Amino acid sequence: LARRAAGYGIESVRIDGNDVLAGFAVTRALLDRARVGGGPAFIEAVTYRRGPHTTSDDPTRYRDDAELDHWASLDPLDRLRRHMERIGALDAALVAEVDAEADALGERLRDAIRGMADPDPLAMFDHVYAEPHAQVTADRAAMAAYLAAGEAS
């Protein structure tokens, strides 16, 4: 699986992006390798976009039901769940506990996001480059003028 990225000397590995266990194993191996001085690595996780490109896209125009069904059967979470059930590592009580924790976490996140103040639109220019950059400075000034004009009207 491992190969050198063309011309860069960086180890690269292509994995099935729908296989959670493969992703975990390869990530762990490459992280262990890096920790002992093996250098950086790149993981290419090949997967499939099951949803539309945009809200105006209709994938049923170019995908048939058999293709969609095939990729639905490879859903990473469902695939891991089936594996864990097969090896006896997952039961209904654990699923209920994890679902309850996930629901509670989701609610806490939604509440936190709803309570956040609107960010300063000019903050997007703050950390574009480590050093000041003429184009970013000009873009920031243009945005500030645009915002000021909107507030004046």
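Buried means under 20% relative accessible area, exposed means over 50%, and partly exposed lies in between, with a 1.4 Å probe and protein chains only. Keep those classes at hand for every stop below.

This is a predicted model: local features need pLDDT of at least 70, side-chain atom pairs count only at pLDDT 80 or more, and totals for chains, interfaces and linings use all residues. Residues are numbered from 1 along each chain as its sequence is written, and side-chain values use heavy atoms, with hydrogens and water left out.

**Stop 1**

Select E107. At 36% relative accessibility, E107 counts as partly exposed. R114 is exposed, at 58% relative accessible area. The two side chains meet in a salt bridge, 4.0 Å from N to O. A salt bridge here is a side-chain nitrogen of Lys or Arg within 4 Å of a carboxyl oxygen of Asp or Glu. E107, R110, D111 and R114 are linked in a network of salt bridges.

**Stop 1: the nonpolar patch**

Select L105, L109, I113 and M116. They make a nonpolar surface patch of about 410 Å². Patches are made of residues with over 30% relative accessible area and no salt bridge; like charges are joined within 9 Å, and nonpolar side chains (Val, Leu, Ile, Met, Phe, Trp, Tyr) within 5 Å. Accessible areas come from the Shrake-Rupley method with a 1.4 Å probe, and for residues only the protein chains shown count as cover.

Click L105. L105 lies in helix 4, residues 92–114. Helices (H or I, at least four residues) and strands (E, at least two) are DSSP runs, numbered from the N terminus. L105 is partly exposed, because its relative accessible area is 41%.

Click I113. I113 also lies in helix 4. At 56% relative accessibility, I113 counts as exposed.

**Stop 2: the largest pocket**

Select L77, D78, L80, R81, M84, L90, L94, V95, V98 and D99. These residues line the largest pocket. About 260 Å³ of space lies inside the largest pocket. Rolling a probe the size of a water molecule over the atoms shows where empty space is left.

The search runs on a 1 Å grid over the protein atoms alone: a cavity is a set of points where a 1.4 Å probe fits but cannot get out, and a pocket is an open set with protein on both sides within 12 Å along at least five of seven lines; lining residues have an atom within 4 Å of a point. Grid points are joined across faces, edges and corners, and a volume is the space filled by probe spheres set on the points.

Which helix gives the largest share of the lining? Helix 3 does, with five residues. Helix 3 (76–86) and helix 4 each supply at least two. Color the lining by class. Seven residues are nonpolar, none are polar and three are charged. Ala, Val, Leu, Ile, Met, Phe, Trp, Tyr, Cys and Pro count as nonpolar, Asp, Glu, Lys and Arg as charged, and the others, Gly among them, as polar.

**Stop 4**

The structure holds 11 salt bridges. Select R79 and D16. They form a salt bridge, with the closest N and O atoms 3.0 Å apart. This pair links distant parts of the chain: R79 in helix 3 and D16 in strand 2 (residues 11–16), 63 residues apart. R79 counts as partly exposed at 25% relative accessibility. D16 is partly exposed too, at 33%.

Next, select D32 and R35. Their salt bridge has its closest N and O atoms 4.0 Å apart. D32 and R35 are three residues apart in helix 1 (residues 20–35), so about one helical turn separates them. D32 is partly exposed at 40% relative accessibility, whereas R35 is exposed at 61%.

**Stop 5**

A34 is partly exposed, at 37% relative accessible area. The C-alpha atoms of A34 and A112 are separated by 36 Å, and the two are 78 residues apart along the chain.

Move to Y129. Y129 sits in the loop between helix 4 and helix 5 (134–152). At 48% relative accessibility, Y129 counts as partly exposed. From Y129 to D58 is 39 Å, C-alpha to C-alpha, at 71 residues apart in sequence.

Finish at A138, in helix 5. A138 is partly exposed at 42% relative accessibility. Its C-alpha atom is separated by 60 Å from that of G88, 50 residues apart along the chain.
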